[in-house]
Amino acid sequence: MLMKTIQIAPVDNVAVALCPINAGETVQSGDLSQVVVTEAIPQGHKIALKNIAKEENIIKYGFVIGHATTDIPAGSWVHTHNMATNLSGEIEYSYHPELKQPASEKPECFNGFRRKDGRAAIRNEIWIIPTVGCVNDVAKRMTALNQDLVTGTIDGLYTFDHPFGCSQTGHDHAQTRKLLAALVRHPNAAAVLVLGLGCENLTHEQFVEELGDYDADRVKFLTCQEVEDEFEAGRKLLEECAAYAGQFHREPIPVSELVVGMKCGGSDGLSGITANPAVGRFSDMLVARGGSTVLTEVPEMFGAETLLMNRCATPELFDKTVALINNFKNYFTSHNQTIYENPSPGNKKGGISTLEDKSLGCTQKSGSSLVKGVLEYAEPVKVKGLNLLSAPGNDLVAATALAVSGAHMVLFTTGRGTPFASPVPTVKISSNSKLAGHKSNWIDFNAGQMVEDKTKEELAQDLLNYVLEVASGRKVKSEAAGFHDMAI
């Protein structure tokens, strides 16, 4: 029999509707008491399991997600019309370590590519990276004209356009330079053509300095103003890139060398019950096998940040995580913006009422592993295990940030669906089966099965198996559609 509601934690005073519920229906809470629903409740939305007085806290996931703004009778719909956030500005944090790590497991293997510097890759692609927006169309045309070079073990030829690289100053200019250089270094790119114009303020000399030591057989440069025909010159360089990339073949590589980014977007009330916990369990399984995961979108940690802070492996990592959170809060306040102006309209329609509600669901993706690394924007993963990365909630920006920090792929959970991609394979995981059926051309993995016929453990094992298939060359839906996005 299909469950209609779930009380996530025994202390919760609300349950979540797993399907639409009509007024007059009776639902059951975790202590087996029954509540008659007084009004229609949409899927993913909250139902009061008891009378909740005005100003009383609303409890979900076992934690406070806000307070009642009016008296809420048992059986009522609990949402933005009768509850509000408890969050405010910067707060003082203290370290209360909870240092439990999943037991080690023997790593399986995937069939990936071993680069000459020893790094692992899951794709063998050629990338054209514009250093300035002025050459975006040249890069696109160059990509289209040279698809015949995609042969043998080469998986694709792609470019990533962006509007930056000129008319930027200070921190903005440095961020663009840093991110593009990190993208050039990504192991999924077997070979790279760096395409410039010649008069931009992101100069060739600056870029080479930012890039550091590089293999001249792998990375080629073309400045369009310096040649008569950029397409002819580009063809010659891309032929060299293809000859270099064609040397690589898939071979068994331990999953301990895999880096997986974790992100959510278009979340709904089921995201924190199905998709995000499944990804969290997967994260623990990968970490137990010696692999690495990366969690980002810092503003969507607000309200659940102490859960991550207390899992920091050292006091130094705790201090870094506090800075990660407070730096983002300071960014908002310094621009006269409201820190907690979240969730989005789509989140609210899906049943998420406050940022605490959203964040407690979002952080489920981190599982229970210790935080072993805290990274700045575009900083590479250096330590195996769970890492936190500084990046905003914007889907394209955050997914790109995960890629440039070294994620071989990104797991993207969603309750409403999205077709976008990132520079690396971007696996779309639906929180509900309705979305998986409705947008089967977008969704790669259906976590809605968790409220139907599978346990979290079974679903996480299925997800691990699917990740190994993607790492071994299986294309995700956005890849098959030819989507490759990037945002700085």
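## Cavity

Helix α9 (residues 355–362) gives the most to the lining of the largest cavity: four residues. Helices here are DSSP runs of H or I, at least four residues, numbered from the N terminus. The model is predicted, so local features need pLDDT of at least 70, side-chain atom pairs count only at pLDDT 80 or more, and totals for chains, interfaces and linings use all residues. Residues are numbered from 1 along each chain as its sequence is written, and side-chain values use heavy atoms, without hydrogens and water.

A search of the whole structure finds one cavity of 30 Å³ or more. The largest cavity has a volume of about 50 Å³. A cavity is a set of points, on a 1 Å grid over the protein atoms alone, where a 1.4 Å probe fits but cannot get out; lining residues have an atom within 4 Å of a point. Volume is the space filled by probe spheres set on the points. The cavity lining has 13 residues, with Tyr 61, Asp 268, Gly 272, Ile 352 and Gly 361 nearest the centre. Three are nonpolar, six polar and four charged. Asp, Glu, Lys and Arg count as charged; Ala, Val, Leu, Ile, Met, Phe, Trp, Tyr, Cys and Pro as nonpolar; the others, Gly among them, as polar.

## Pocket

The largest pocket has a volume of about 670 Å³. A pocket is an open set with protein on both sides within 12 Å along at least five of seven lines. Its lining has 19 residues; His 171, Gln 175, Phe 328, Tyr 331 and Tyr 377 lie nearest the centre.

Helices α2 (170–184) and α7 (315–334) each supply at least two lining residues. By class, the pocket lining holds 10 nonpolar, six polar and three charged residues.

## Helix pair α5 and α12

The axes of α5 (residues 275–288) and α12 (residues 456–471) come within 8 Å and cross at roughly 65 degrees. The two helices are therefore roughly perpendicular, a term for angles of 65 to 115 degrees. Their crossing is right-handed.

From α5, the contact includes Phe 282 and Met 285; from α12, it includes Leu 463 and Val 467. The contact has 10 nonpolar, one polar and three charged residues.

## Helix pair α1 and α4

The axes of α1 (residues 136–145) and α4 (residues 230–245) come within 10 Å and cross at roughly 55 degrees. That makes α1 oblique to α4.

Terms used: Axes fitted to C-alpha atoms, helices over the stretch in contact; angles between N-to-C directions. Parallel < 35°, antiparallel > 145°, perpendicular 65-115°, else oblique. Left-handed = near helix turned anticlockwise from the far one by under 90°. Contact = heavy atoms within 4.5 Å.
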